Amino acid sequence: MALEGELIQVGRLGRTRGVQGWLWITADTDFPERFSELEVIFVSERNAWQEFPVEAAKVIGGRPLIKFVGVDTREAAARMTNRTLAVTRAQLMSLPSDTHYVFDVVGCEVCDAENNRRLGEIVDVVRYPANDVYVIRAESGKDVLFPAVNDFVKSIDTVGRKVTIVSGGLFDNAGEKTEP
């Protein structure tokens, strides 16, 4: 059994579909088709993870559905709703070059490309249609929104936990308090 720190959340079980034990998934992944390729998946159960074999999975209208081995009725499936789904790092989908998983970027130190000065830490990534935005907690404790685009993000080292950006003075006033 994998430890919780080794698991990556990929979705949450929703309501049932039909009478044969199918469950809708609210996916936390850009790859809803990923569930069709899984043989096993981890499901949260009472503050622990349990490994469940996947009997079948499919995508309908862009939303994934899953059926577990041994869960063959609507009632059995209903007992599994609202549980978190996770996979091991080895089960992750491969990403194109120069792209990173959000969970690998969150927690990275952020430094200025010009002088290598520490600016803060990425605490969240907000997803927008045009581009993602890093929420960087500056040294002052103030959150700064920063566009995650190639023009401003010079390097991302997820192993070394460091992101280098062109801050353009955005953090110069991050320590000042403003009046409401």
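Biologist: A nonpolar core is a set of buried residues such as Val, Leu, Ile and Phe, joined through side-chain atoms within 4.5 Å. In this predicted model, what makes Leu13 and Ile41 stand out in the largest nonpolar core?

Modeller: That core has 24 residues, and Leu13, Ile41, Ile66, Phe68 and Leu85 are those with the most contacts inside it. Strands β1, β2, β3, β4, β5 and β6 each give two or more residues to the core, and so does helix α1.

Biologist: Which residues does Ile41 touch, leaving out those up to four places away in sequence?

Modeller: Among them are Val10, Phe35, Phe52, Val54, Ile66, Phe68 and Leu85. Contact means heavy atoms within 4.5 Å, so each of these residues has a heavy atom within that distance of Ile41.

Biologist: Why are β1 and β2 called a pair?

Modeller: Two strands pair if there are at least two bridges between them; β1 and β2 have 5 bridges, so they count as a pair, in the antiparallel sense. Within this pair, Leu13 stands opposite Ile25 in β2.

Biologist: Which strands make up the closed barrel, and in what order?

Modeller: The barrel has 6 strands, running β1-β2-β5-β4-β3-β6 with antiparallel pairing. From one strand to the next, the twist averages 45°.

Biologist: How do you know how confident the predictor is?

Modeller: pLDDT gives that confidence for each residue, from 0 to 100. The protein chain averages 88, and 93% of the residues score at least 70. Where pLDDT is low, the predicted coordinates should not be read in detail.

Definitions and conventions: Residues numbered from 1 in each chain as written. Predicted model: local features only at pLDDT ≥ 70, side-chain atom pairs only at ≥ 80, totals over all residues. Heavy atoms only, no water. Buried < 20%, exposed > 50% of the residue type's maximum accessible area, 1.4 Å probe, protein only. Helix = DSSP H or I, 4+ residues; strand = E, 2+ residues; numbered from the N terminus. Axes fitted to C-alpha atoms, helices over the stretch in contact; angles between N-to-C directions.
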